[in-house]
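Reader: I'm new to reading structures, and I'd like a close look at just one part. Could you take me through the salt bridges, and then how a few helices meet?

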Amino acid sequence: MGKRITVTIDGPAGSGKSTAARTLAERLGYRYLDTGATYRALALKAVQSRLSPDDVCGLKRILSVTRIEVGSDGRILLDGRDVTEEIRAPEVGMMASLISRRPEVREVLWELQRRIGRGGGVVAEGRDTGSVVFPEAEVKFYLDATLEERARRRYRELLAKGRDVSFHEVLDEVRKRDLQDSTREIAPLRIPEGAIYIDSTHLSPEEVVELMLHKIEERI
């Protein structure tokens, strides 16, 4: 492809967005942007500061002094420290879902995300990348899977990291995240206009990426 475009991948937790986006970016020679990781970075700061997600003044305070950077490889720096692994903790994910409801948080992080993606040549994934952050993206995907399959993926991921969790705990966590993300007032999770819907329940990560590459070639 001659033109460097913007590709977005939205979808619920555990649908395979991160794996697909990272691999697709590598195949295209594009930058990988995990928009959700920017919220998780701020959420980690909030957890470390013992803030309540309802503490608007506290959130504004840490927003004003927090520096979040996203490397071209997707690694996340919080105030100069690599927190790529730390932000994946379940409690951080839950906090991220709660604080992302705040317009003050959204506006600051939307600007950061758009600045990173300016000029194209980026594969961005999250829950509002095609609907809000990059509504003019040339190609948009919505990646989905059944609740049970998404919970199984998350469960295996946590076990591989040595976390002591039960499948039912993870299933409940994913179900709660779905509810929070789809019912928030600001930028709720939804299928973006013009997005290509892919159900990854019975597809391998490689099959998902190959399907996406095929769809991109059709669109461009």
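This is a predicted model: local features need pLDDT of at least 70, side-chain atom pairs count only at pLDDT 80 or more; totals for chains, interfaces and linings use all residues.

Author: Let's start with Arg150 and Asp178, whose side chains meet in a salt bridge, 2.6 Å from N to O. The term means that a side-chain nitrogen of Lys or Arg lies within 4 Å of a carboxyl oxygen of Asp or Glu. This pair links distant parts of the chain, 28 residues apart: Arg150 sits in helix α7 and Asp178 in helix α8 (residues 167–183). Helices here are DSSP runs of H or I with at least four residues, strands are runs of E with at least two, and both are numbered from the N terminus. Arg150 and Asp178 are both buried, a word for under 20% relative accessible area, with exposed for over 50% and partly exposed for anything in between (1.4 Å probe, protein chains only).

Residues are numbered from 1 along each chain as its sequence is written, and side-chain values use heavy atoms, with hydrogens and water left out.

Back in α7, which covers residues 147–160, Glu149 and Arg153 are four residues apart, or about one helical turn. Their closest N and O atoms are 3.0 Å apart, in another salt bridge. Glu149 is buried at 12% relative accessibility, and Arg153 is buried too, at 19%.

In total, the rule gives 22 salt bridges. One of them joins Lys3 and Glu138, with the closest N and O atoms 3.3 Å apart. Lys3 lies in the segment before β1 (6–10) and Glu138 in the loop between α6 (129–133) and β7 (139–144), so this pair ties together parts 135 residues apart in sequence. Lys3 is exposed at 53%, whereas Glu138 is partly exposed at 31%.

Helix α2 (residues 35–48) and helix α5 (residues 103–117) pack at about 130°, their axes 10 Å apart. An axis is a line fitted to C-alpha atoms, for helices over the stretch in contact, and angles between N-to-C directions run from 0 to 180 degrees. That makes α2 and α5 oblique to each other: under 35 degrees is roughly parallel, over 145 roughly antiparallel, 65 to 115 roughly perpendicular, and the rest oblique. On the α2 side, the contact (heavy atoms within 4.5 Å) is made by Thr35, Thr38, Tyr39 and Leu42, and the α5 residues include Leu109 and Trp110. The contact residues divide into six nonpolar, three polar and one charged. Here nonpolar covers Ala, Val, Leu, Ile, Met, Phe, Trp, Tyr, Cys and Pro, charged covers Asp, Glu, Lys and Arg, and the others, Gly among them, are polar.

Helix α2 also meets helix α4 (residues 90–99): their axes come within 8 Å and cross at roughly 105°, so α2 and α4 are roughly perpendicular. Among the residues that meet are Leu44 and Val47 in α2 and Met95 and Ile99 in α4. This contact has 10 nonpolar residues, one polar and one charged.

Last stop: Gln180, in α8. Gln180 is buried at 13% and, leaving aside neighbours within four places in sequence, is in contact with Met94, Ser97, Leu98 and Arg101.
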